[in-house]
Amino acid sequence: MEWFRWVFRYAAWPLMMFGFGGAVVWLGAGGARMVLLFLVLGGAVAFCFLSERLIPYQPDWNRDRGDTVRDWLHALVNITLNRAALWLLPAFAWLSPGGGAWPHYWPFALQVVLAVLVLDFGIAAAHHASHRFELLWRFHAVHHSPKRLYGFNGLMKHPVHQSIELVAGVLPLLLLGIPREVAVTLPFLVSITLLCQHSNADFCSGYFRYLFANAEVHRFHHSNDASKGDVNFGLFTNLYDHLAGTFHYQAGKAPRASEAIGIHDRPDYPTRYLAQLIEPFRALG
C-alpha cells in the first residue's frame, strides 16, 4: 500500500491539472455540450476529495468542524452568482470591441493558454492589492478566516471580493476580444485550479511547483504569520509572483497546524456564513 501512496502523491496533481484540465480544453476545442464540461468538473471535485482521503497533508483538516454547510454555501453562491463574469464571459465575448487584437489563427490550446495567463495576471494583481489596501482586505479576509485548508476553501470568498478579482481578470480578455469558444473553458479551468490550489492532498509536483500555483506553494499564503503569508498571489501560475518578488517556497516549511493559518489578529472572526458576509461592512462602520 505504501508504494501506491508514493505513486499517487506524484500522480494526483498532474491528473487534476493536466488530466481534468486537458479534458476541458479538448472538449472546448470540439464544441462539446456544456453538460460534458460540468461532468468533467464534477469528476475533478470527486477526485480532489478522494485524494485528500488517500494522501492527506493534514488528516485533521479532513474533519468537519461545523463549517461544511458554510463552505457549501460559499461554493454555491460563488459558482452560481459571483462567478457570473466568468460564466457569462462566452456571451460577453460576442460584444467585445477588441476582436482584432486576439490571435484567432493560433491553435485552440494556445489561445486557452493565453487567456489563462491574462486572467491569471489580472486576478493576481487584484489579490496582491487586497493584501495592501485595508478596504479590499476587509472583504478578502473572509477567504483567510478558515482554520483548515481543503478543496472547497478556494470557493470561500466574499461576493464583493470575488467580483473585484473577476473584473480585474475578465476585462482585459474582453478588450482583447476573446472568442466565445475559448471563453467557455475558463470557468471550468478556474474551478479545477482552485481545487488544486487549496487541496489537503499531500501531492508532490516537483519543479512544477515553481511554475504552477498549486497547494504546495499556496499553503504559505495562508500562514497567519504576517511576515510569511504575504506571498504567492497567483491563481494559475507563479509568474506574477516571480515578477513581483512575492514568490516563496521552502520544502517542509508550509503550515501544517490549524494554529498556523487563519487571520493572526482576528481569532474571533465570524464563522457563520451570513455573519461573514456582514463582517466587512460592520468593519467599515
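Q: How many helices and strands does the secondary structure of the protein come to?
A: Helices (H or I, at least four residues) and strands (E, at least two) are DSSP runs, numbered from the N terminus. In this protein there are 13 helices and zero strands. This is a predicted model, in which local features need pLDDT of at least 70, side-chain atom pairs count only at pLDDT 80 or more, and totals for chains, interfaces and linings use all residues. Residues are numbered from 1 along each chain as its sequence is written, and side-chain values use heavy atoms, with hydrogens and water left out.

Q: What share of the residues in the protein is buried?
A: Buried means under 20% relative accessible area, exposed over 50%, and partly exposed in between (1.4 Å probe, protein chains only). Here, buried residues are 53% of the 285 in the protein.

Q: Which percentage of the contacts with a separation of 6 or more comes from residues 24 or more positions apart?
A: Contact means heavy atoms within 4.5 Å. In this protein, 77% of the contacts with a separation of 6 or more are between residues 24 or more positions apart.

Q: At what angle do the axes of H1 and H6 cross?
A: Axes are lines fitted to C-alpha atoms, for helices over the stretch in contact, and angles run from 0 to 180 degrees between N-to-C directions. Helix H1 (residues 2-29) and helix H6 (residues 108-130) have axes that come within 10 Å and cross at roughly 120°. H1 is therefore oblique to H6. As for the word itself, angles under 35 degrees count as roughly parallel, over 145 as roughly antiparallel, 65 to 115 as roughly perpendicular and the rest as oblique.

Q: Is the crossing of H1 and H6 left-handed or right-handed?
A: A crossing is left-handed if the near helix is turned anticlockwise from the far one by less than a right angle, and right-handed if clockwise. The crossing of H1 and H6 is right-handed. Val-25, Gly-28 and Ala-29 of H1 meet Phe-108, Ala-109 and Val-112 of H6. By class, five of the residues in this contact are nonpolar, one is polar and none is charged. For these classes, Ala, Val, Leu, Ile, Met, Phe, Trp, Tyr, Cys and Pro count as nonpolar, Asp, Glu, Lys and Arg as charged, and the others, Gly among them, as polar.

Q: Which side chain makes a polar contact with the side chain of Glu-165?
A: A polar contact is a pair of N or O atoms within 3.5 Å; within protein, one must be able to donate a hydrogen and the other to accept it, and residues adjacent in sequence count only if both atoms are side-chain atoms. For Glu-165, the partner is the side chain of Lys-157 (2.8 Å). Glu-165 lies in helix H8 (residues 159-176) and is buried, with a relative accessible area of 4%.

Q: Where is Ser-145 placed?
A: Ser-145 is in the loop between helix H7 (134-144) and H8. Ser-145 is buried, with a relative accessible area of 13%. The side chains of Ser-145 and Gln-276 make a polar contact (3.3 Å).
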